[in-house]
Amino acid sequence: MTGFASAARALVASMVLAASAVAAAAQTYPSKPIRIVLPYVPGGIIDTAGRNLAVRLSEALGVSVVAENRPGAGGVVGSDAVARAVPDGYTIL
C-alpha cells in the first residue's frame, strides 16, 4: 500500500509541475475552468487523487478545476466523454 501511495503522490506532483510548465509556456491557456473527468466511482483512490489534483491545480493555475465522476463500463463512460469533448485542453482524464 505504501508503494501505491507514493506512486499516487508522485503522479499528483508531476501533474502539478507539468501544469505549471504549460502555464509558463502559454500565458493565455487557463482562461476558463478546467474539468477533470474521473472514470470511476466516488470514494476510491482515483476519486481521492483526482480531487486532490484538482485542488492543487486550481491553486497553481488560479482558475477553477472541477473533478467530475463519470463511472461505468470499467472506465469507458468517462473516457468516452473526454474523447468526445472539444480538444481544447479544458477537459482531461
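Predicted model: local features only at pLDDT ≥ 70, side-chain atom pairs only at ≥ 80, totals over all residues.
Q: What makes up the secondary structure of the protein chain?
A: Three helices and three strands, following α-β-α-β-α-β along the sequence. Helices (H or I, at least four residues) and strands (E, at least two) are DSSP runs, numbered from the N terminus.

Q: How do the three strands form a sheet, and in what order?
A: They make an open sheet ordered E2-E1-E3, with parallel pairing. E2 and strand E3 (91-92) stand at the edges with a single partner strand each, so one side of each has no neighbour in the sheet.

Q: What makes E1 and E2 a pair?
A: Two strands pair if DSSP finds at least two bridges between them. E1 and E2 have five bridges, in the parallel sense, so they meet that rule. Ile34 stands opposite Val65 in E2, and Arg35 stands opposite Val66. The chain gets from E1 to E2 through H2, and this β-α-β crossover is right-handed. That label applies if, with the strands pointing away from the viewer, the path from the first strand over the helix to the second runs clockwise.

Q: Which residues of strand E2 are on its covered face, and which on its uncovered one?
A: In strand E2 (residues 65-69), Val65, Ala67 and Asn69 are on the covered face, while Val66 and Glu68 are on the uncovered one. In a regular strand the side chains alternate between the two faces of the sheet.

Q: Why does Ala67 count as buried?
A: Buried means under 20% relative accessible area, exposed means over 50%, and partly exposed is in between (1.4 Å probe, protein chains only). Ala67 has 15%, so it counts as buried. Buried residues make up 29% of the 93 residues in the protein chain.

Q: Which residues does Ala67 touch, not counting those up to four places away in sequence?
A: Ala67 touches Ile36, Leu38, Gly50, Arg51 and Ala54; a contact means heavy atoms within 4.5 Å. Among contacts in the protein chain between residues at least 6 apart in sequence, 70% join residues at least 24 apart.

Q: What makes Asp88 and Lys32 a salt bridge?
A: The rule asks for a side-chain nitrogen of Lys or Arg within 4 Å of a carboxyl oxygen of Asp or Glu. Here the closest N and O atoms are 3.3 Å apart, so the pair qualifies. Asp88 sits in the loop between helix H3 (76-84) and E3, and Lys32 in the loop between helix H1 (2-25) and E1, so the pair ties together parts that are 56 residues apart in sequence. By this rule the count comes to five salt bridges.

Q: Why is Glu68 called partly exposed?
A: Its relative accessible area is 22%, so Glu68 counts as partly exposed.

Q: What makes Tyr40, Ile45 and Ile46 a patch?
A: Patches take residues with over 30% relative accessible area and no salt bridge; like charges are joined within 9 Å, and nonpolar side chains (Val, Leu, Ile, Met, Phe, Trp, Tyr) within 5 Å. Tyr40, Ile45 and Ile46 form a nonpolar patch on the surface, with about 260 Å² of accessible area together. Tyr40 lies in the loop between strand E1 (34-38) and helix H2 (45-61), and is partly exposed at 38%.

Methods: Residues numbered from 1 in each chain as written. Heavy atoms only, no water. Areas by Shrake-Rupley, 256 points an atom, 1.4 Å probe, with all protein chains shown as cover.
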